[in-house]
Amino acid sequence: MTAYTLWLLRSDAIKSGLAISAIFTRSFEDHLTQSLRVTELAGVNAASSEKGQLNLRQMETNFVFILHNSPFLRSVSLLDESNLIIASSNSANLGVTVPTKDFFPIAAGTQSFLRIGTPWAGRDFADGHAVGNQLPKDTPARFLPATHGVDIGPRSLTLLVALNPDYFLNYMSRQFDTRSGSVEVLRLDGIQLMSTDYEQRFGAPKNEFAKRRLFYEVESGEFEQSVHGERTVLTAFRVSSLYPLAVVTHIQRDYALSQWETETKTILGIVVPTLLIVSLLSISRYRRQLLLEAKTNESNRLQKINAARVFTNSHEGIMMCAADGSILDVNDAFTRITGYSRDEVLGQNPRILRSGRQTKEFYADLWRDLSEHGFWSGELWNRHKNGEIYAEMLTISAVSDSQGVVQQFVGQFADVTKRKMLDDQVRLMAFFDPLTMLPNRRMLNDRLSQAMATSKRSGLCGALMFLDLDNFKPLNDTYGHEVGDSLLIEVATRLKGCLREVDTVARFGGDEFVVILSELMIDKTQSTAQARGVAEKIRATLALPFFLRQAQPGKEDTVIEHGCSISIGVVVFANHELSETAILKCADAAMYQAKAGGRNAIRFCEAHLVADETPSRRLSSSGAQSDVLNPALERLD
């Protein structure tokens, strides 16, 4: 019985050591993965560029900002196609070539994922070099390079970061007693990236992992192993959920069994001298069981405390509901996001947060996924207590008992309203002119296609006007671009006031505007008269004087009275007789003829007499000739 008891205690001690090793491994892997994830997202966002334009100075400013908030980074840089650093938070890195051939995993085509290289010696790429199989004491200054591909316009560039291994090692050393073992980080191909054991050579392959291919078979595991045939350690490993690396924790078996050895000596010291004290051994074992139960209870209590801390201190809202949907508990973040206090929602149904934007079918699909898979994740709109609508990213998980019966639902959500607003701003910048807030060329092409489709479907005519302000450049040269911009804004306002809701006015560029008239008369003559009437209305409206304000530094603003005229080219179309490009060319050529004829005029281009996609255009009998039209079309081409 004594031998069996000692064997059980030894097994428990080893299992406890493996469990502790696994807990540390999970904690360190989560910290490392989250740090790399933050770096990846921040770096890719910082390296992105509006409209595909490469702005290296802005990127370097973004890189420096990232570095100030990331103690685990040495530098953030950008590589061109030849692996030359063209932008960096450390100006000394500029011009340095960083070979990435040996980075893992091997890249095939565009590097749209994180790749990790072998350790480098030095403080940064400017004074560093790749090393391998060296002791940390020989190269005290070191860092880890990592890359991630980014596409900027037609170019495929590479984001390069220098990770500071000392930060992660210090974090691990504070959490883990290095006297009891060591923690190391390996690439999935077995290359050691960092270790708390300064007797380990970083950059060296760990054959025991590479040969067994553990990282490719399971996500995590625990086992005993012999190190160099000298000592046995309790090893736990965990592969990162996002990146090609794994965290491995070793606890010396002797350290894990130290308490067991003490207990063994005590038991044997009592059993060997005499068998008369068997009763005392029984009492001792009984007390031992009580002690183990007390430790288990204490461990459970600490786990509950930790879970409560996570529940309370989480930045995301958490809501726990019973199987019938009534709310059991919420955390502080829930109160902050929704505006409802805990007492107000306890016992309520989550439908009190509904905004009304989601349909019944949406919620039916949600509950079907929960029933079938026990999990649902997605975006939806909810309503704040004060009535404001906000967007949230919500994850709902079903919690079942041992019989598979759902007992609770746990919802975790974050407010993503600001991100949605940013998406709307990006769309606004993509389809509207930032100065006049009129549709830009991209939106104009879409509206013109819709107008032509409507004309083909209904048989009604449509018209397109090309407008150009006369003598706009002298105003800019005399009073400055701010006054010119004010005129363009006022012109845009007046143009919108001359049109119907079904019509479109867009800024084509500079002082040029395009107007699309939809749903005119079926008869071409009547629709031409309609278009002429609108054109005359526009010309008369813009002929009224403009009062523009010019800022004077240190003085009162000056009001400038400016008279404006406009040259207009018009084409009336129906039934897809011309393509979008041909219609624009025809109207622009007619406008060019109005300019050539003395400006402040209206000219029509006869669309039915023009061959599609042909550079020659013939104007109406108002005086336009094809020999004048051709130069304008060549300018457009």
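Q: Which residue in β12 is the bridge partner of threonine 235?
A: This is a predicted model: local features need pLDDT of at least 70, side-chain atom pairs count only at pLDDT 80 or more, and totals for chains, interfaces and linings use all residues. Residues are numbered from 1 along each chain as its sequence is written, and side-chain values use heavy atoms, leaving out hydrogens and water. Strands β11 (residues 231-239) and β12 (residues 245-252) run antiparallel, joined by 7 bridges. In β12, the partner of threonine 235 is histidine 250.

Q: How many helices and strands does the secondary structure of the protein come to?
A: Both are DSSP runs, numbered from the N terminus: helices are H or I over at least four residues, strands are E over at least two. The total is 18 helices and 24 strands.

Q: Is α1 roughly parallel or roughly antiparallel to α2?
A: Helix α1 (residues 2-47) packs on helix α2 (residues 56-68) at about 160°, with the axes 9 Å apart. Angles under 35 degrees count as roughly parallel, over 145 as roughly antiparallel, 65 to 115 as roughly perpendicular and the rest as oblique. That makes the pair roughly antiparallel.

Q: How many nonpolar residues has the contact of α1 with α2?
A: Ala42, Gly43, Ala46 and Ala47 of α1 meet Met59, Asn62, Phe63 and Ile66 of α2. Ala, Val, Leu, Ile, Met, Phe, Trp, Tyr, Cys and Pro count as nonpolar, Asp, Glu, Lys and Arg as charged, and the others, Gly among them, as polar. The contact has 2 polar and no charged residues; the nonpolar ones number 6.

Q: Which residue in the turn of the β1 and β2 hairpin has a positive phi?
A: Strands β1 (residues 73-79) and β2 (residues 85-88) pair antiparallel over 3 bridges. Leucine 79 has isoleucine 85 as its bridge partner in β2. With 5 residues between the strands, the turn holds a phi of about 65°, at asparagine 83.

Q: Which residues does alanine 323 touch, not counting residues up to four places away in sequence?
A: Alanine 323 sits in the loop between β13 (317-322) and β14 (327-330). Its relative accessible area is 46%, so it is partly exposed; buried means under 20%, exposed over 50%, and partly exposed in between (1.4 Å probe, protein chains only). Its C-alpha atom is 9.1 Å from that of valine 399, 76 residues away along the chain. The residues touched are Val406, Gln407 and Phe409.

Q: Which residue in β20 is the bridge partner of arginine 507?
A: The open sheet β19-β20-β18-β23-β24 has 5 strands and mixed pairing. β19 (504-509) and β24 (602-605) stand at its edges. β19 runs antiparallel to β20 (residues 512-517), with 5 bridges. Arginine 507 is partnered in β20 by phenylalanine 513.

Q: At what angle does α17 run to β23?
A: α17 lies across β18 (462-469), β19, β20, β23 (566-573) and β24. Its angle to β23 is about 145°.

Q: Which residues of α17 make the contact with α13?
A: The axes of α13 (residues 441-458) and α17 (residues 580-596) come within 10 Å and cross at roughly 105°. That makes α13 roughly perpendicular to α17. From α13 come Leu444, Asn445, Leu448, Ser449 and Met452; from α17, Glu580, Ile583 and Leu584.

Definitions and conventions: Axes are lines fitted to C-alpha atoms, for helices over the stretch in contact, and angles run from 0 to 180 degrees between N-to-C directions. Contact means heavy atoms within 4.5 Å. Two strands pair if DSSP finds at least two bridges between them.
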